[in-house]
Amino acid sequence: MSKTALIVIAEGSEEIEAITPGDVLQRAGVNITYAGVGTLTSTGGHGVPLRADMLVEDVGGILFDALVLPGGGKGAENMHHCEFVNDLIKRHWEGGKIVAAICAAPAVVLAPIGLLSGRHATCYPGLERRFAKDVKDCTASVCVDGHLVTSRGPGTAMEFSIRLAELMTGAPNALKIGQAMLVGTM
């Protein structure tokens, strides 16, 4: 059975952080679904149009193998203020599924609901001030703590995506995908 991932997008989401995981995971054989906050067609933080397959409120009780939350300041705030997104996060976390967030999303979306408490996490530099005192700030580009995956920003989106592919489909497959995309060969 193929693995599945849900990527949430909102008005103002960072385009690279939304598109790169979907592209890499699709290449790795993961079935990708994009869910939009309030609309199927949003505009990313830099004016690039983004399209969702469904609305977050229509996900219902479906659990994916991974839930991916891109950053972008406005996009992360829009996710944070959506009760459907917060419910999705909690259900995936409690179900032992991968919850992955990049850039502003760890600090703006995950931290307020207590998901980072007592865990290692990273985010866009400077936003770690929003972390609770018991969050163990990690300065790595990608930080994995159990089934929590966090990353720093647009420049780490490829490494974040390859790491998700590794966690979901195994190291040999992720290495093959990375090599085919010339990741790390420059």
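What radius of gyration does the protein have, and what would a compact globule with 186 residues have? A compact globule would have a radius of gyration near 16 Å, and the protein has 15 Å, which agrees. The radius is taken over C-alpha atoms, and the globule rule is 2.2 Å times the number of residues to the power 0.38.

This is a predicted model, in which local features need pLDDT of at least 70 and side-chain atom pairs count only at pLDDT 80 or more, while totals for chains, interfaces and linings use all residues. Residues are numbered from 1 along each chain as its sequence is written, and side-chain values use heavy atoms, with hydrogens and water left out.

**View 1. The open sheet.** Seven strands form an open sheet of mixed pairing, in the order E5-E2-E1-E6-E7-E11-E10. Strands (E, at least two residues) and helices (H or I, at least four) are DSSP runs numbered from the N terminus, and two strands pair if DSSP finds at least two bridges between them. Strand E5 (54-55) and strand E10 (142-145) stand at the edges with a single partner strand each, so one side of each is left without a neighbour in the sheet. Strand E10 runs antiparallel to strand E11 (residues 148-151), joined by 4 bridges. Val142 stands opposite Ser151 in E11.

**View 2. Helix H1 on the sheet.** Helix H1 (residues 15-27) packs on the sheet, touching strands E1 (4-9), E2 (31-36), E6 (66-69) and E7 (98-102). Contact means heavy atoms within 4.5 Å. Within helix H1, Asp23 and Arg27 lie 4 residues apart, about one turn of the helix. Asp23 forms a salt bridge with Arg27, with the closest N and O atoms 2.4 Å apart; the term denotes a side-chain nitrogen of Lys or Arg within 4 Å of a carboxyl oxygen of Asp or Glu.

View 3. Thr33 is found in strand E2. This residue is buried, with a relative accessible area of 17%; buried means under 20%, exposed over 50% and partly exposed in between (1.4 Å probe, protein chains only). Not counting residues up to four places away in sequence, Thr33 touches Ala5, Leu6, Ile7, Asp53, Met54 and Phe64.

**View 4. The salt bridge of Arg119 and Asp145.** The closest N and O atoms of Arg119 and Asp145 are 3.1 Å apart in this salt bridge. Arg119 lies in the loop between helix H4 (105-110) and E8 and Asp145 in strand E10, so the pair ties together parts that are 26 residues apart in sequence. Arg119 counts as partly exposed at 23% relative accessibility, whereas Asp145 counts as buried at 15%.

Technical notes
Axes fitted to C-alpha atoms, helices over the stretch in contact; angles between N-to-C directions.
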